[in-house]
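Here's a quick briefing to read alongside the model. Have the sequence and the 3D view open as you go.

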Amino acid sequence: MPLPLEGVRVLDLTNVMAGPYCSMVLGDLGAEVIKLESLEGDSTRNFEPRVNDESYCFAVLNRNKKSIAVDMKSPAGKEIVMKLAAGCDIMMENFRPGVVKKLGIDYEAVRKVNPGIIFASMSGFGQTGPYGRKGGFDIIAQGMSGIMMMTGHPGGRPAKVGIAMNDIACGVTTLYGILGAFIGKLRHGQGQYIETSLLEAGMAWSIWEFGAYFGGGELPTATGTRHRRSAPYQAFRTQDGYVTVGASGDKLWRAFVTQVVEQPQWLEDPRFERNPLRVKNADALEALIEEITTTRPTAHWVEKLDAAGVPGGPVYTYDQTLADPHVKHRRMVHEIEHPVIGPMKTLGLPVKSSGDLTQIRKPAPLHGQHTEEVLRGLGYSDAQVGGLVAEGVVRARGVPA
């Protein structure tokens with residue numbers, strides 16, 4: 001059974017994380033993704049750690065793609081981009097707003113040679129508005145979207161979410177925009193231009209918090225691992241680490257008190273009678289719970305929580321996550337052979353399906369690995385390809401024997 005996007009060609013001009021994450025998933029879904037890089041390559045090719053001088057960070061984010069290295073500022077390079085765009089279903093870019101127009105490869109230029117193109121732009125703040133020309137990274141968007149002010153511990157400095165959350169949010173938001181536009185094209189026959197930003201995608205992922213502000217004027221502040229509406233719903237210290245507990249509803253609270261920490265008298269404590277009161281008195285509740293949880297290791301409490309039917313689990317470091325038998329059972333580690341790195345591990349596919357939906361088919365490409373192949377597919381002769389390489393318009397790199 002073919003993958004859902006088999007036969008769909010994507011021209012990917014994106015760099016670093018948001019765009020490459022989006023195009024990686026399109027590749028997992030079966031699309032032919034042509035990653036068009038500058039002669040210097042994607043910035044993350046320089047990221048550590050490196051194995052055999054190839055970046056592992058780049059390798060795990062760019063599977064299922066081909067790489068062609070082109071000087072897009074040169075007339076011959078622009079011609080290559082436009083020829084590729086003419087034969088693609090989807091085109092993606094994350095240059096600063098205005099750059100693709102200056103290069104002559106923006107949506108208006110591309111739609112003249114390919115009216116049905118779905119053209120997606122990603123940026124820090126969007127293509128319009130007062131900040132339309134402002135550069136933006138993940139941390140800038142985390143700060144301006146309000147996320148940093150609600151992350152960390154009460155009274156502490158604003159904290160960045162550990163992962164590049166707004167980058168990934170932007171990639172996922174662009175992904176569903178592209179897929180929605182593609183479905184629309186299948187139904188109505190028309191391509192379209194779509195765009196989003198790190199700022200807007202991050203705001204969209206904070207929908208509950210903005211709802212609280214719209215509905216009650218609340219300004220969310222940092223709560224550590226606590227929930228703003230439920231208690232106990234946080235991580236508690238144990239003898240050897242931390243355990244998370246989600247015992248917010250009355251039924252779960254009763255099970256937690258009677259079967260896990262075995263303190264039935266707490267059910268009669270007026271501070272903890274109802275969930276809003278437990279939230280109000282979360283400091284006192286945390287202190288009482290940790291007097292008990294710190295007496296035994298995390299595994300003990302996870303076992304008791306599971307037996308009582310109360311959601312809970314250990315707080316892991318990445319090595320512990322990967323060693324967990326459930327993660328192993330769910331095949332969240334995938335091994336693949338890279339032409340330079342050699343045998344390497346990457347994250348497995350998070351979506352499981354009854355049919356063929358996604359697949360890790362090939363490793364991340366070397367810089368310019370498919371330049372010659374792609375150019376020949378566009379009708380360039382071997383002599384023309386050799387001339388473009390010699391003139392510095394493109395870069396080609398073969399796979400080591």
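What follows covers a sheet, a helix pair and a salt bridge.

This is a predicted model, where local features need pLDDT of at least 70 and side-chain atom pairs count only at pLDDT 80 or more, while totals for chains, interfaces and linings use all residues. Residues are numbered from 1 along each chain as its sequence is written, and side-chain values use heavy atoms, leaving out hydrogens and water.

**The sheet**
- β6 (residues 90-93) and β7 (residues 118-123) run parallel, joined by 4 bridges, and I90 stands opposite I118 in β7.

**The helix pair**
- Helices α10 (residues 250-260) and α13 (residues 298-308) pack at about 125 degrees, their axes 10 Å apart; helices here are DSSP runs of H or I, at least four residues, and axes are lines fitted to C-alpha atoms over the stretch in contact, with angles from 0 to 180 degrees between N-to-C directions.
- Contact (heavy atoms within 4.5 Å) involves A255, F256, Q259 and V260 of α10, and W301, K304, L305, A307 and A308 of α13.

**A salt bridge**
- R228 forms a salt bridge with E209, with the closest N and O atoms 4.0 Å apart; the term means a side-chain nitrogen of Lys or Arg within 4 Å of a carboxyl oxygen of Asp or Glu.
- R228 is in the loop between α9 (207-216) and β9 (233-237) and E209 is in helix α9, so the pair ties together parts 19 residues apart in sequence.

Technical notes
Pairing = 2+ DSSP bridges. Helix = DSSP H or I, 4+ residues; strand = E, 2+ residues; numbered from the N terminus.
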